[in-house]
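Please keep the sequence and the model in view while reading.

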Amino acid sequence: QQQQQSGGGGANPFGGGGGGGGGGNNQSSQTRTNATSTQQQPGGSSSGSTGTAGSAIGGDYGLLGLLSVIRMTDADRNRLALGSDLTVLGLNLNSNDNLYSTFGGPFSDKPATREPHYQLPMCYYMQPPALKTGHLSKFQLETLFYIFYALPKDVLQAYAAQELYTRDWRYHVESKVWFKQATPSDVPNGNVAAGQYIYFDINTWERRLYGNVNQNIAGGFLPEEEVRVKFPSS
């Protein structure tokens, strides 16, 4: 038996290690047990999760905080969470009319009137006189040019052009610019060269001195007979 025991022990050259291996198995089982207990420990300790769940349930902003709203113990909190009763403000929710026509506002105890109270100045009630062709002679030069350029294909455009021709302005057909022979009153220093013209610049809306004196631009002017307003005879 001793030989069998020693043979059993000697059959394994690493018998001592085998015995040690048996001890290692015990240690590994203990390690697994400790690991299992370690893994079970976080699940077993519910202090952290309990704190999170407790904050979600308790407190003013948790589920338990809704009880104070449901019980209506705090008027300010109820107004913030549930709102205000619109009928208390004087609103007729069953009316078919628009609410804004009679609702004066949340801070007003009086209903709004249908029309706001205001006083219109008397000048707004005055009817402007109808524009007549005789009024064009009283208009300023810039007003005549505005009528000419702002009312294309209108009869007032023709009458404005007729008044401009009366004031010695001429319309150049090719350049589509209004020219007038310059006078000493049209030039700041009063020195006017022979054949000098001024023109009306629509970009700056002012009269300017035409630079090219030698150019003959009079040949491109629209004849006065074609500017005069003519009505067909019946």
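In helix α7, the buried residues are L156, Q157, Y159, A160, A161, Q162, E163, L164 and Y165; buried means under 20% relative accessible area, exposed over 50% and partly exposed in between, with a 1.4 Å probe and protein chains only. The model is predicted: local features need pLDDT of at least 70 and side-chain atom pairs pLDDT 80 or more, while totals for chains, interfaces and linings use all residues. Residues are numbered from 1 along each chain as its sequence is written, and side-chain values use heavy atoms, without hydrogens and water.

Helices (H or I, at least four residues) and strands (E, at least two) are DSSP runs numbered from the N terminus. Helix α7 is mostly covered, with 9 of its 12 residues buried. Its buried residues pack against α6 (141-150), β1 (169-172), β2 and α8 (224-227), where contact means heavy atoms within 4.5 Å. At the start of α7, a side-chain oxygen of D154 comes to within 2.8 Å of the backbone nitrogen of L156. That is a polar contact, a pair of N or O atoms within 3.5 Å in which, within protein, one must be able to donate a hydrogen and the other to accept it; residues adjacent in sequence count only if both atoms are side-chain atoms. Just after α7, D168 has a positive phi of about 70°.

The structure holds 15 aromatic pairs. Rings of Phe, Tyr and Trp (its six-membered ring) pair if their centres lie within 6.5 Å; planes under 30 degrees apart are stacked, over 60 edge-to-face and the rest tilted. Two of the pairs are listed here.

| Pair | Type | Centre to centre | Between planes |
|---|---|---|---|
| F148 and Y149 | edge-to-face | 5.1 Å | 85° |
| Y165 and W178 | edge-to-face | 5.7 Å | 75° |

Y165 lies in α7 (residues 155-166) and W178 in strand β2 (residues 177-181), so this pair links parts of the chain 13 residues apart. Y165 counts as buried because its relative accessibility is 2%, and W178 is buried at 1%. F148, at 11%, is also buried, whereas Y149, at 30%, is partly exposed.

Which residues touch the most other members of the largest nonpolar core? They are F145, F148, L164, W169 and W178, in a core of 19 residues. A nonpolar core is a set of buried Ala, Val, Leu, Ile, Met, Phe, Trp, Tyr and Cys residues joined through side-chain atoms within 4.5 Å. Helix α7 gives the most to this core, with 6 residues.
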